[in-house]
Amino acid sequence: MQYFPLFVDTKNLSVLIVGAGEVATRKLDLLSRTEAEIDVIAPDIAAEIRVYEQKGRIKLYQRAVHADDIADYDVIYMATANEQLNMDYAVLATQKGIWVNVVDNPSFCRFITPSIVDRGRLVVAISTAGAAPVFARTIRSRLETLLPQSLGPLFDFVASKRIEVQHKITSGKDRRLFWERFFNLNNDRFDSGTQSHYQDAFESYGAEGEILLFNENDNAGLLPIAAMPLLQKIDTFYSDMTQDGVKHEASSANHHSLTDINELVRRDASRESIPTLSEITEKYQHGDRMLLVVNQEKLNKLKAHFPMAKHLQPGAL
């Protein structure tokens, strides 16, 4: 992974945009939604840029950029029509430890700006590491149709209730179950029924456990889409590949398969060695959701002992 995704708190973030043409306008349209302090330097100013100045959203300096300007900023966007100037000042910014982005020139970028779907508190970022931004925009357009505008006020509502839920439900696991119950009742709507669904979720948010089984020789990349929501609810990932923190001998194919299935599970889920049958039973009765990645022999035994278990297989559940 060349580019690691980060969500940066823009409070008190200082941003400089060098350039004020069409490209700079596109960047400013996005940055203006944040809480960052934004300066723009350019000798020629597009009308759209002046609108932001008139609204008091940016500080505008109508002149050529100088080397002394490349200082005291957290982030700089080089967006002029002069490619050599962009590169020269990008090098200077990097030397001063400032994160810089040169529009349409990834080799001089300390970071890149992803394509974004904005639903207020819910933000989805899509990137192809600069290889195919047109395709990233295609993915974005698909997500725009899948994620309704109601998610913005819905997540504002959820944020306003989080402290209340923490006071009423002290267990982190139970809080997660509560919110699952709420979203199952409410879905992605925000309407007159949302408050009622919130209250109803307190009535019954318990859940029975879940046992998912996966053959370590199978290809996790061929699992059906229906398996993804199940894997994202897993509390503990169990595997024979580790025991007491020591990796067991395994074929490269098995290790690759384990890595693939591991990537589909919540990152905050526990990763542990296979427990005993009695321990699995106890955890299931206490509402734990488990994924066990084992060889075929153990998988058959587990299926016989736990008839309620779901066997995840390529192309089927």
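1. By class, 24 nonpolar, seven polar and eight charged residues make up the lining of the largest pocket. Nonpolar here means Ala, Val, Leu, Ile, Met, Phe, Trp, Tyr, Cys and Pro; charged means Asp, Glu, Lys and Arg; the others, Gly among them, are polar. A pocket is an open set of points on a 1 Å grid over the protein atoms alone, where a 1.4 Å probe fits, with protein on both sides within 12 Å along at least five of seven lines; lining residues have an atom within 4 Å of a point.

2. Before going on, note that this is a predicted model, in which local features need pLDDT of at least 70 and side-chain atom pairs pLDDT 80 or more, while totals for chains, interfaces and linings use all residues. Residues are numbered from 1 along each chain as its sequence is written, and side-chain values use heavy atoms, leaving out hydrogens and water.

3. Back to the largest pocket, then: about 1,300 Å³ of space lies in it, a volume being the space filled by probe spheres set on the points. Its lining has 39 residues, and L6, F7, V8, P114 and I116 are the ones nearest its centre. Two or more lining residues come from each of α1 (22-31), β4 (75-78), β6 (115-119) and β7 (122-126). Helices (H or I, at least four residues) and strands (E, at least two) are DSSP runs, numbered from the N terminus.

4. The second largest pocket holds about 780 Å³ of space. It is lined by 25 residues, with K27, T113, P114, P133 and R137 closest to its centre. If you're tracing P114, it turns up here and among the residues nearest the centre of the largest pocket. The elements supplying at least two lining residues each are α1, β5 (99-102), β6 and α4 (133-146). Sorted by class, that lining comes out as eleven nonpolar, seven polar and seven charged residues.

5. Now the sheet that contains β4 and β5. Five strands form an open sheet in the order β3-β2-β1-β4-β5, and the pairing is parallel; two strands pair if DSSP finds at least two bridges between them. β3 (58-61) and β5 sit at the edges, each pairing on one side only. On average, and ignoring direction, neighbouring strands here are turned by 15° against each other. Four bridges hold the parallel pair β4 and β5, and Y77 has N101 of β5 as its bridge partner.

6. Two helices lie on these strands. α1 goes across β1 (14-18), β2 (37-41), β3 and β4, at about 160° to β1. α2 lies across β2 and β3, running at about 125° to β3. For the angles, axes are lines fitted to C-alpha atoms (for helices, over the stretch in contact), and values run from 0 to 180 degrees between N-to-C directions.

7. How do those helices meet? The axes of α1 and α2 (residues 47-54) come within 9 Å and cross at roughly 35°. On the α1 side the residues are A24, T25, L28 and D29, and they meet E48, I49 and Y52 of α2, where contact means heavy atoms within 4.5 Å. That makes four nonpolar, one polar and two charged residues.

8. L154, F157, K161, E164 and V165 of α5 touch T194, Q195 and Y198 of α7. By class this contact has four nonpolar, two polar and two charged residues.

9. There is another open, parallel sheet of five strands, in the order β12-β9-β13-β8-β14. Its edge strands are β12 (270-273) and β14 (310-312), each pairing on one side only. Neighbouring strands are turned by 25° on average, direction ignored. Strands β8 (residues 210-215) and β13 (residues 289-294) run parallel and are joined by six bridges, with L213 opposite L292 of β13. Helix α10 (residues 277-285) lies across β8, β9 (236-239) and β13, at about 150° to β13.
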